[in-house]
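This briefing is intended for a reader who is meeting the structure for the first time. Please keep the sequence and the model in view while reading the points below.

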Amino acid sequence: MALTGILRTGLVQLRVLDFEESLVHYRDRLGLSVVGKIGEDRIMLKSFDEFDHHSLVLRRADSPGLDFFCFKSLDKQTIDNIAKKSKEEYGYPVDVMTGHPGFGEITFVTVPTGHKIGFYWEVELAAVHPMLVNPHPWDKEPHGMGVACLDHALLCGPNQGETVRWFTDCVGMSITEYISTPEGDGHICTWLSGNTRGHDVAILSYPEPGKIHHLSFQLQSWDEIGRAADIMGRYNISVDAGPMRHGITRGQTIYFFDPSGNRNETYAGGYEYFPDHPTRQWSADHVGEGIFYYSKELNERFLSVLT
Amino acid sequence: MQRSFTLRIESADEVREFICHPGQSIVQAMARQGASEHPAVGCRNGGCGVCKMRVTGGEYTLGRMSLAELNEQERQQHIYLACRVYPTSDLNATFIGRK
């Protein structure tokens, strides 16, 4: 039995301007493996420590950004309940996608921040996955930064409070931390977990709908963060901030950009969360150390640069 | 060795000059010369739109940039995302930023 019906961030589709540069970035630098293509305009990838068919789809488009963000869910009942409540009590659009390679039905809810949030529970075991019998740490040694799996995303849009209420009340996730508005009448940003991670998704209040601040990939240690930083230096990857620690979630991190301007994060550590843990709060005047724990200085770029 | 170029970037109430080496974008040249906190320095990869500038003089080549951040009318007025403008001569530009 899971802690909630939401197991983890499992499938994300990002738009990119160019395949060639994007593959160098995601495959050769981050260390994902290509699973295959969907038609001419989409490429499926996965990380070495993920069991499911694939976790990231890159779609070639004329602008970068997020197409959809999906949670692997426990069972059909969980998803049916979310779909029914989203439609009947919240009045949000719900649609079902079938035929995504390797996946069963994916049920999407379009939330007031403008994002398509998906839920699925049936997915094929990947051709290459963590070993199951007398397992080694990995079947084939990780390459590049060696990211282990998807970790979380920070999504940005209007109606932040309403969307957070849906994540807690309808999806059943917990608020692990939040930053208050200066007036104390709501949240600037809220961190939500459906499992034992500090967050699976965070929602930032922003005037334009459907934006993504960053997509995060998991590393195992501060050493691996350092090695990832070396790879970013070696290959002139556009680094936004870090290596550093977040006050919020306590994760160790680097923010950087993919070749289309989508912000990525390599994330390690952070605390374990359980649903009985109290929510941690940050006041608006401490937001600098919440994000950039060492420098405590929030740069303008962090809040204004999104895709 | 190929010669480098001089960029004159006008923004708000100041004009700053930067040295740009062949192959560098306007924003790369700025970021590497003490202007990393300039509002034009964002994703540096043609996606976020914060570096929008009007090129007012000089030669350059263009890389891929997000069409969500730039319309055809702007392109006709030599308005581009400066992180994907690669000067091939001395160049003048005016910072606009993301609306």
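**Helix α1 of chain A**

Four residues of α1(A) are buried, namely S22(A), H25(A), Y26(A) and R29(A). They lie on the same side of α1(A), because the arc that they cover around the axis is only 115°. The model discussed here is a predicted one.

- The partners against which the buried residues of α1(A) pack are β1, β3, β4 and α4 (222-234) of chain A.
- After α1(A) comes G31(A), a residue with a positive phi, near 100°.

**The eight-stranded sheet of chain A**

- Chain A contains an open sheet of eight strands with mixed pairing, and the strand order is β2-β3-β4-β1-β5-β8-β7-β6.
- The edges of this sheet are taken by β2 (33-38) and β6 (94-97) of chain A; each has a single partner strand, so one side of each is left without a neighbour in the sheet.
- From one strand to the next, the twist averages 25°.
- Strands β3 (residues 42-46) and β4 (residues 56-60) of chain A run antiparallel and are joined by four bridges.
- R42(A) has R59(A), in β4(A), as its bridge partner.

**Helices on this sheet**

**A buried residue of chain A: I212(A)**

- Strand β13 (residues 211-218) of chain A includes I212(A).
- Is I212(A) buried or exposed? I212(A) counts as buried because 24 C-beta neighbours lie inside 10 Å.
- Neighbours within four places in sequence aside, the contacts of I212(A) are G65(A), L66(A), A153(A), L155(A), C156(A), N262(A), L306(A) and T307(A).
- Between I212(A) and R15(A) there are 197 residues of separation in sequence, while their C-alpha atoms are 11 Å apart in space.

**Where chain A touches chain B**

- The contact between the chains involves 20 residues of chain A and 15 residues of chain B.
- On the side of chain A that touches chain B, the element that gives the most is helix α6 (residues 300-304) of chain A, with three residues.
- By type, the residues of that side of chain A comprise six nonpolar, eight polar and six charged.

**Chain B as a whole**

- Two helices and seven strands make up the secondary structure of chain B.
- In sequence order, the elements of chain B follow the pattern β-β-α-β-β-α-β-β-β.
- The radius of gyration of chain B is 12 Å, which agrees with a compact globule, because a globule of 99 residues would have a value near 13 Å.
- The C-alpha trace of chain B extends over about 35 × 25 × 20 Å along its principal axes.
- Among the 99 residues of chain B, 43% count as buried.
- Of the contacts in chain B with a separation of 6 or more, 56% are between residues 24 or more positions apart.

**The five-stranded sheet of chain B**

- Which order do the strands of the open sheet in chain B have? The order of the five strands is β2-β1-β7-β3-β5, and the pairing is mixed.
- Strands β2 (14-20) and β5 (79-81) of chain B are the edge strands, and each pairs on one side only.
- The twist in this sheet averages 35° from one strand to the next.
- Strand β3 (residues 52-57) of chain B runs antiparallel to β5(B), with three bridges joining the two. Within this pairing, K52(B) stands opposite L81(B) of β5(B).
- Four bridges connect β3(B) with strand β7 (residues 91-95) of chain B, and the sense is antiparallel. R54(B) has T94(B), in β7(B), as its bridge partner.

Notes. Residues are numbered from 1 along each chain as its sequence is written. Chains are lettered from A and ligands numbered from 1 in the order in which they are written. This is a predicted model: local features need pLDDT of at least 70, side-chain atom pairs count only at pLDDT 80 or more; totals for chains, interfaces and linings use all residues. Two strands pair if DSSP finds at least two bridges between them. Axes are lines fitted to C-alpha atoms, for helices over the stretch in contact, and angles run from 0 to 180 degrees between N-to-C directions. Two residues are in contact if their C-beta atoms, placed from the backbone, lie within 7 Å. Ala, Val, Leu, Ile, Met, Phe, Trp, Tyr, Cys and Pro count as nonpolar, Asp, Glu, Lys and Arg as charged, and the others, Gly among them, as polar. The radius of gyration is taken over C-alpha atoms; the globule rule is 2.2 Å times the number of residues to the power 0.38. A residue is buried if 20 or more other C-beta atoms lie within 10 Å of its own, exposed if 12 or fewer, and partly exposed in between; C-beta atoms are placed from the backbone. The arc is that of the directions from the helix axis to the C-beta atoms.
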